[in-house]
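Please look over the sequence and the 3D structure shown below, and keep both at hand while reading. The report goes through a few places in the model, one heading at a time.

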Amino acid sequence: MQLTLKGITEDRASWDSAGIKLPEYDIRAVRQKTEKSPEWVHFGAGNIFRGFIAGLADTLIQKGEFESGIIAAECFDGEIIDKIYDPYDMLTLSVGLRADGNSDKRVTAGIGGAIKADAAHMDELMRIASRDSLQLISFTITEKGYACTDISGNVLPVIESDIISGPAGVTTAMGVVTAMLLARYKAGGFPLALVSMDNCSQNGQKLRDGVLFVAKKWQKRGFVEEGFIGYISDESRVAFPWSMIDKITPRPDSGVAGELKELGVEAMDPIITGRHTYIAPFVNAEIPQYLVIEDSFPNGRPPLQDAGVYMTDRDTVNKAEKMKVMTCLNPLHTALAVLGCILGYNKISDEMQDEHLRKLVYKLGDEGMPVVISPGIIRPEDFIREVLEERLPNPYIPDTPQRIATDTSQKLAIRFGETIKGYNNKGEVDKMQIIPFVIAAWLRYLTGIDDKGNEMQLSPDPMLDVVKSAMDGIMPGNRDGDMSGVNWILSREELFGINVLETGNLGKQIKEYLYEMLEGPGAVRGALSRLVG
């Protein structure tokens with residue numbers, strides 16, 4: 001069985017007997033409609049897009065409520081298009097992993113086109129952007145994909161290159177989408193929605209800030225006129241809806257690939273691209289999924305609510321996002337990530353079998369609850385119960401603390417900083433115990449030494465060199481190292497959203513926990529045991 005248009009068309013019986021559901025619509029007709037009248041472009045062609053967002057389109061097409069597919073655009077890792085999209089005719093084999101060991105298998109065809117957002121294909125992207133049929137451009141490019149400056153406010157080199165070269169020479173997501181908006185402005189100024197679906201707070205604002213940053217720099221250099229700035233600044237013409245997304249989508253698992261091969265599906269091996277993207281013809285993910293979007297689409301939109309998306313107002317999106325990112329999932333993930341690495345775990349679900357870690361994340365959830373405001377559409381108590389009792393312990397989700405630990409510096413301000421602010425506003429910041437412990441564990445993680453005293457590889461992070469440098473001289477077994485670097489880290493509002501050293505006794509408490517963890521081998525386990533009793 002081959003995952004191609006020919007393979008699923010000519011051998012449907014084999015797919016059916018393997019229990020893999022196939023699309024029941026005319027895929028070629030959908031792609032012809034996509035080419036003729038594109039409605040949806042998505043930047044970020046990786047696993048979360050293929051396993052979740054493109055699946056929404058597939059569901060709507062299956063229902064007869066959406067006639068075209070999503071055009072996937074990739075400007076970070078074009079190898080994805082070459083090795084995963086093109087050989088498999090843009091089809092995805094989605095594998096939903098259940099806690100009982102069973103899985104839901106489905107081939108989706110919601111992707112109507114795929115394009116590398118590079119110089120060779122820029123004209124095609126500009127053509128798509130100029131079509132009045134285009135309703136939205138969405139994004140899953142991770143939080144750092146929207147950044148234009150570093151922690152010190154300096155323009156990032158790749159963004160500086162886009163600014164100097166102008167619309168004709170862009171390479172970054174922010175540069176490419178701003179160039180697309182310019183093409184749309186010149187073609188008639190048609191309305192459009194730009195929807196960040198990344199897992200970060202106020203993601204629509206981050207996207208808007210990135211686009212306007214590039215556009216205003218271009219205006220100063222004479223590449224664009226004032227009218228263009230007015231066009232993208234007017235949210236009745238170019239909207240930037242906020243959203244909250246949630247679906248644990250780990251790297252493709254070799255065990256899942258083996259199961260698919262046993263069923264007779266060919267060429268399912270995962271690959272690692274030259275840019276270190278872990279990807280496969282299939283996507284393995286958990287079953288639960290949530291997407292909440294501010295309903296602000298000036299050129300119309302697909303009926304996303306019919307695919308299970310919550311369409312609502314900005315305030316509700318903000319509350320849902322804070323519920324998840326501040327308390328009910330992401331802080332728990334980060335705690336398990338940094339401590340899991342230190343304690344030698346390679347699977348999140350295994351950590352949930354560790355009595356100390358399980359108690360820690362339950363207590364962490366409890367600590368965040370007093371500052372959560374219910375979004376109304378989802379009860380925080382129900383959400384966190386599902387996370388703690390069903391999602392994180394699911395042994396068939398092959399997720400690792402090492403993956404979750406990626407880009408931790410970019411996540412601290414929201415996952416912990418906002419809760420710290422909430423407690424601080426109530427004058428109760430010194431009541432916190434678990435959040436300061438987790439921050440101390442992250443600092444201990446930065447030493448690169450596990451709890452047995454062995455070196456461990458740290459996950460990629462754009463701030464890794466900076467924060468590791470600040471930790472120079474601080475090592476397990478040496479509690480007398482210079483703490484000035486730790487003080488510098490804790491004072492950075494860019495990292496925590498607040499100056500921790502000026503927030504009650506929080507900085508002191510974090511450093512006391514860190515001292516405990518630096519005693520030597522086994523110190524982290526000992527500190528954790530004492531904390532959770």
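What follows is a report on nonpolar cores, helix contacts and some individual residues in a predicted model.

## The nonpolar cores

The largest nonpolar core of this predicted model has 139 residues, and the members that touch the most other members are Trp15, Tyr85, Leu93, Trp442, Leu443, Tyr445 and Phe496. Helix α19, which covers residues 434-445, gives the most to this core, with 10 residues. Apart from this core lies another one, of 45 residues, and among its members are Leu134, Val170, Tyr185 and Val211.

## Tryptophan 15 and leucine 22

Tryptophan 15 is one of the residues that touch the most other members of the largest core. When residues up to four places away in sequence are not counted, tryptophan 15 touches Met1, Gln2, Leu3, Gly7, Ile8, Ile20, Leu22, Leu93, Val107 and Val265.

Leucine 22, which is among these contacts of tryptophan 15, is found in the loop between strand β1 (20-21) and helix α3 (27-36). Is leucine 22 buried or exposed? Its relative accessibility is 4%, and leucine 22 therefore counts as buried, since the cut-off for buried is under 20%. Again leaving out residues up to four places away in sequence, leucine 22 touches Ile8, Arg12, Trp15 and Val107. The C-alpha atoms of leucine 22 and leucine 93 are separated by 9.3 Å, although these two residues are 71 residues apart along the chain.

## Helices α6 and α8

Two packed helices are described by the angle between their axes and the distance between the axes. For helix α6 (residues 122-129) and helix α8 (residues 173-187), the axes come within 8 Å and cross at roughly 50°. The two helices α6 and α8 are therefore oblique to each other, and their crossing is right-handed.

On the side of α6 the contact is made by Met122, Leu125, Met126 and Ala129, while on the side of α8 it is made by Val176, Ala179, Met180, Ala183 and Arg184. Sorted by class, the contact of α6 with α8 has 8 nonpolar residues, no polar residues and 1 charged residue.

## Helix α12 and its two partners

Helix α12 (residues 314-328) packs with helix α16 (residues 380-391) at an angle of about 45°, and the axes of these two helices are 11 Å apart. Helices α12 and α16 are therefore oblique to each other, and the crossing of this pair is right-handed. The residues that make the contact are Met323, Lys324, Thr327 and Cys328 of α12, together with Pro380, Phe383, Ile384 and Val387 of α16. By class, the contact of α12 with α16 has 6 nonpolar, 1 polar and 1 charged residues.

Helix α12 also meets helix α13 (residues 330-342), and here the axes come within 4 Å and cross at roughly 25°. How are α12 and α13 oriented to each other? They are roughly parallel, because the cut-off for that description is an angle under 35 degrees. In this contact Lys324, Val325, Met326, Thr327 and Cys328 in α12 meet Asn330, Pro331 and Leu332 in α13. By class, the contact of α12 with α13 has 5 nonpolar, 2 polar and 1 charged residues.

## Residues in loops

Most residues other than glycine have a negative phi. Aspartate 89, however, has a positive phi of about 55° although it is not a glycine, and its place is in the loop between α5 (79-85) and β4 (92-97). With a relative accessible area of 26%, aspartate 89 is partly exposed. Threonine 142 is not a glycine either, and it has a positive phi of about 65°; this residue sits in the loop between β7 and α7 and is partly exposed, with a relative accessible area of 38%.

Glycine 145 has its place in the loop between β7 (136-139) and α7 (157-165), and it is partly exposed, with a relative accessible area of 23%. Its C-alpha atom is separated by 9.3 Å from that of phenylalanine 76, a residue that is 69 residues apart from glycine 145 along the chain. Isoleucine 373 lies in the loop between α15 (355-368) and α16. Its relative accessible area is 55%, and isoleucine 373 is therefore exposed, because exposed begins at values over 50%. From C-alpha to C-alpha, isoleucine 373 and threonine 316 are 9.8 Å apart in space, while in sequence they are 57 residues apart.

Note on methods. Residues are numbered from 1 along each chain as its sequence is written. This is a predicted model: local features need pLDDT of at least 70, side-chain atom pairs count only at pLDDT 80 or more; totals for chains, interfaces and linings use all residues. Side-chain values use heavy atoms; hydrogens and water are left out. A nonpolar core is a set of buried Ala, Val, Leu, Ile, Met, Phe, Trp, Tyr and Cys residues joined through side-chain atoms within 4.5 Å. Buried means under 20% relative accessible area, exposed over 50%, partly exposed in between (1.4 Å probe, protein chains only). Contact means heavy atoms within 4.5 Å. Axes are lines fitted to C-alpha atoms, for helices over the stretch in contact, and angles run from 0 to 180 degrees between N-to-C directions. Angles under 35 degrees count as roughly parallel, over 145 as roughly antiparallel, 65 to 115 as roughly perpendicular and the rest as oblique. A crossing is left-handed if the near helix is turned anticlockwise from the far one by less than a right angle, and right-handed if clockwise. Ala, Val, Leu, Ile, Met, Phe, Trp, Tyr, Cys and Pro count as nonpolar, Asp, Glu, Lys and Arg as charged, and the others, Gly among them, as polar.
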